[in-house]
Amino acid sequence: MENSPVPLRILLVKMSSMGDIFHTFPAISDLKAHHPEAIIDWVVEDGFKEIVDWHPAINKAIPISLRRWMKERGSKSWQEFRAWKRQLKSEHYDVVIDAQGLFKSAIISKCANAKEIRGFNSKSAREPIASLFYNKRYGVDKNQHAVERTRQLFAHAFGYTPAQHLNFGINQNFSHVIKNPRKLMFIIGTSWVTKLWSSFHWQKLTAIAIEEGFDVEIMWGSLEERSIADSIIAVCPKATRPQQRMSITTIAENLVEAAGVIGLDTGFSHLAGALETPTVALYGATSPIKVGLIGKHTSNLQLEQVLSCMPCHKRQCKWLPENSHETPPCMNGIKPFNVWNTLIAKMN
């Protein structure tokens with residue numbers, strides 16, 4: 001009888017954000033396909049543990065409250081961090097792989113009880129100083145989509161060539177959800193004012209969808225977003241919104257149920273794409289080239305005549321008054337009919 005391969009114990013450090021978590025899933029799927037014996041744990045911000053647990057290749061999600069600790073910076077936070085570090089040290093790993101490439105993620109990688117740490121080299125890491133903490137460093141072209149960068153990092157680090165097909169690996173968690181061919185989900189909220197689309201455009205788009213015989217559900221996560229949803233429903237009474245904020249898992253179930261999704265540059269649009277629901281995401285202040293939705297069922301839509309200031313990657317539009325909540329020109333120029341036609345093309 002042949003001996004079974006010794007399990008390779010791997011600790012992945014990729015703590016945030018939500019979109020970054022989804023961008024890492026295909027690399028995890030690749031790694032498990034080429035090293036089925038691997039035991040993979042993942043250090044992730046506590047708010048995203050629920051998402052990491054979806055991937056079947058993850059043995060254990062290890063939540064960390066680094067954002068809160070860094071914000072509070074008190075003795076209580078320091079004590080909590082030290083207790084967290086002791087708990088992490090109780091586990092032994094063959095390899096830590098830092099897929100975030102930041103100074104803070106490199107520091108967390110050093111906290112593990114591991115033989116070696118692997119990550120991007122100084123020319124590839126988002127913060128070059130992070131590479132000083134690694135035993136093995138790999139060059140990965142920065143002018144690629146984040147999904148492909150992470151896949152290549154894993155491939156270099158663990159010695160394989162990734163397949164062409166992307167596998168986010170989480171659909172099986174939602175196999176119980178029945179697709180509704182007439183349901184659309186609109187994701188109207190995002191963390192930056194400069195990423196928002198005007199309520200008027202959402203109203204027009206909703207009216208088009210309802211006229212075409214679809215049911216529209218508007219997703220919200222804050223009081224401001226609920227107010228925007230209500231302003232849309234006031235004009236289009238057949239549209240609906242959830243009465244309460246939904247859990248991430250419930251949102252995922254709704255996105256799987258939907259025939260199509262239209263959203264902004266936000267983690268939930270990336271989730272819809274990862275779940276392989278036809279999805280259109282709208283971009284203006286940010287660029288979809290490196291961090292946009294990826295896959296044949298998705299589309300990243302921008303202003304047709306690109307402005308010279310795009311993408312600015314700013315939370316405040318220079319063409320608008322300070323603290324303005326108006327829609328910036330780069331987003332306002334994206335027209336509802338173009339968005340609708342793009343979604344229909346992806347759904348057919």
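Searching the whole structure, which is a predicted model, turns up 17 salt bridges. Let me show you a few of them.

Start with R9, which pairs with E91; their closest N and O atoms are 3.3 Å apart. What does this pair tie together? R9 sits in strand 1, residues 9-13, while E91 is in the loop between helix 4 (75-89) and strand 4 (92-98), so the contact joins parts that are 82 residues apart in sequence. R9 has a relative accessibility of 21% and so counts as partly exposed. E91, at 24%, is partly exposed too.

Now please look at R118 and E116. They form a salt bridge whose closest N and O atoms are 2.4 Å apart. Are these two residues buried or exposed? Both R118 and E116 are buried.

My last pair is E257 with K183, at 2.9 Å between the closest N and O atoms. E257 belongs to helix 9 (residues 248-257) and K183 to strand 7 (residues 183-187), so this bridge ties together parts 74 residues apart in sequence. E257 is partly exposed, with a relative accessible area of 24%, whereas K183, at 7%, counts as buried.

Let's move on to helix 1. With 17 residues at 1.5 Å a residue, helix 1 should span 24 Å, and its end C-alpha atoms are 26 Å apart, which agrees. Where does helix 1 bend? The bend is at F25, by about 25°, and a proline, P26, follows within four residues. Helix 1 is also mostly covered, as 14 of its 17 residues are buried.

The largest holds about 50 Å³ of space, and its lining is made of F22, H23, F168, H270, G273, A274, L293 and I294. Helix 1 (18-34) and helix 10 (267-274) are the elements that give two or more residues to that lining, and helix 10 has the largest share, with three residues. By type, the lining has five nonpolar residues, three polar and no charged.

The second largest cavity has about 40 Å³ of space. Among the residues lining it are V193, R315, C317 and E326. Here the count is four nonpolar, three polar and two charged.

That's my tour, and I'm happy to take questions!

Notes:
Residues numbered from 1 in each chain as written. Predicted model: local features only at pLDDT ≥ 70, side-chain atom pairs only at ≥ 80, totals over all residues. Heavy atoms only, no water. 1 Å grid on protein atoms, 1.4 Å probe; cavity = no way out; pocket = protein on both sides within 12 Å on 5 of 7 lines; lining within 4 Å. Points joined across faces, edges and corners; volume = space filled by probe spheres on them. Nonpolar A, V, L, I, M, F, W, Y, C, P; charged D, E, K, R; others polar. Expected span 1.5 Å × (residues − 1). Bend = angle between axes of the 7 residues up to and from the residue. Buried < 20%, exposed > 50% of the residue type's maximum accessible area, 1.4 Å probe, protein only. Salt bridge = Lys/Arg side-chain N within 4 Å of Asp/Glu carboxyl O.
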